[in-house]
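I set out below what I looked up, entry by entry. The sequence and the model come before the notes.

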Amino acid sequence: EAKVRRSWTQHGLLFVAPFLIIYVAFLVWPTVQGLRMSMSSVNIAGTNDNLVGFDNYAEAFADPRMWRSLWNTVVFTVLSTVPLVLLGLGFALLVHHLRFVQWLWRLSFFGPFLLPSAVVSILWLQMIYPPDYGLINGTLGTEFTWLTDPSTAMFSVVLTTVWWTVGFNFLLYLAALQSIPQHLYEAAAIDGASGWDKLRSITLPLLGRTTALIVVLQLLASLKVFDQIYLMTGGGPEDSTRPIIEYAYDMGFTGYRIGYASAVSYILFAIIVVVSLAQLRLFRKRAEGSS
């Protein structure tokens, strides 16, 4: 029996060996190497690779530009996560109860999510936000500069992001709605429950796990925002939209300080880990309390 078990173990290791090699080569090793670089003064040319300990981290925590970019990231996360969750749920409820041309509604809500970030950014830059002929200003009859005003630039990027990515949350909610047993609604209807009662007592509680998943995924995605902001505003105006990933990018590839940029990246990595663990613990407690 021990011989058979050892044979199965060896065969299993052979099967997982390709994945383990790729996993170590492209995830574990870069993570370790990046951590080492964050404690060095290495530049973009790979020279001056001297260990400096936690000096890069100390400099980052004392850098007001790093804190400003981190605050911009938090603001973007809060402003985008709430509507993306609520609109995803609302659109899913709407499509789930519509009985005609459901495929068209699904395509309409999910279609933008399939577009690359560059296409979305150019589309909104060239057709929605231009001050003289853009769709918004043409509808409102104004010539407001949405992306060059510090008071509206972040909201403009958030609006673009919501339009672009809400389809992913919509699809997850729609799949969860379709898995709810229909007999629960039939039993509630027999008891005289209204549509609101069914939503409050059946639909929303049974969507709890899906909502927890969507919130965690959305927080992680928003904290790592880079593409659309870099393409639409470049972090401006006046650094009012520059997220922390763009700040790390600027320090590494414009300021040539790879070690310092790595330290900033690992600060963000630590924040993401803490937020993820806190969210999972919170939802686990809620699940245990409801059971």
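**Entry 1. Helix H3.** What span should the 34 residues of helix H3 have, and how far apart are its end C-alpha atoms? I took 1.5 Å a residue, which gives 50 Å for residues 64-97, and I found the end C-alpha atoms 50 Å apart, which agrees. The expected span is 1.5 Å times one less than the number of residues. Helices here are DSSP runs of H or I with at least four residues, strands are runs of E with at least two, and both are numbered from the N terminus.

**Entry 2. Basis of the notes.** I note that the model is predicted, that local features need pLDDT of at least 70 and side-chain atom pairs pLDDT 80 or more, while totals for chains, interfaces and linings use all residues. Residues are numbered from 1 along each chain as its sequence is written, and side-chain values use heavy atoms, with hydrogens and water left out.

**Entry 3. Overall form.** I listed 13 helices and zero strands in the protein. The radius of gyration is 24 Å, well over the 19 Å that the globule rule gives for 291 residues, so the protein is more spread out than a compact globule. This radius is taken over C-alpha atoms, and the rule is 2.2 Å times the number of residues to the power 0.38. Along the principal axes, the C-alpha trace spans about 80 × 75 × 35 Å. Of the 291 residues, 38% are buried. I call a residue buried under 20% relative accessible area, exposed over 50%, and partly exposed in between (1.4 Å probe, protein chains only).

**Entry 4. The start of H3.** Which residue caps the N-terminal end of H3? I found Asp63 there, with a side-chain oxygen 3.0 Å from the backbone nitrogen of Arg65. The side chains of Asp63 and Arg65 also meet in a salt bridge at 3.4 Å, N to O. A salt bridge requires a side-chain nitrogen of Lys or Arg within 4 Å of a carboxyl oxygen of Asp or Glu. Asp63 is buried at 8% relative accessibility, whereas Arg65 is partly exposed at 43%.

**Entry 5. Other salt bridges.** My search of the whole structure returned six salt bridges. One of them joins the side chains of Arg257 and Glu59 (2.9 Å, N to O). This pair links distant parts of the chain, 198 residues apart: Arg257 is in the loop between helix H12 (244-254) and helix H13 (258-290), and Glu59 is in helix H2 (residues 55-61). I recorded Arg257 as partly exposed at 33% and Glu59 as partly exposed at 34%. Asp197 and Arg200 meet at 3.2 Å, N to O. They are three residues apart in helix H9 (residues 195-206), and so are separated by about one helical turn. Salt bridges that share partners join Asp239, Arg242 and Asp250 into one network.

**Entry 6. Asn137.** Is Asn137 buried or exposed? I found Asn137 buried, with a relative accessible area of 2%. Asn137 lies in helix H6 (residues 135-140), and its side chain reaches the backbone oxygen of Pro131 at 3.2 Å.

**Entry 7. A surface patch on nonpolar side chains.** I noted a nonpolar surface patch of about 1100 Å², whose members include Phe15, Phe19, Trp29 and Val28. Val28 lies in helix H1 (residues 2-37) and is partly exposed, at 34% relative accessible area.

Terms used
Patches are made of residues with over 30% relative accessible area and no salt bridge: like charges are joined within 9 Å, nonpolar side chains (Val, Leu, Ile, Met, Phe, Trp, Tyr) within 5 Å. Accessible areas come from the Shrake-Rupley method with a 1.4 Å probe; for residues, only the protein chains shown count as cover. A polar contact is a pair of N or O atoms within 3.5 Å; within protein, one must be able to donate a hydrogen and the other to accept it, and residues adjacent in sequence count only if both atoms are side-chain atoms.
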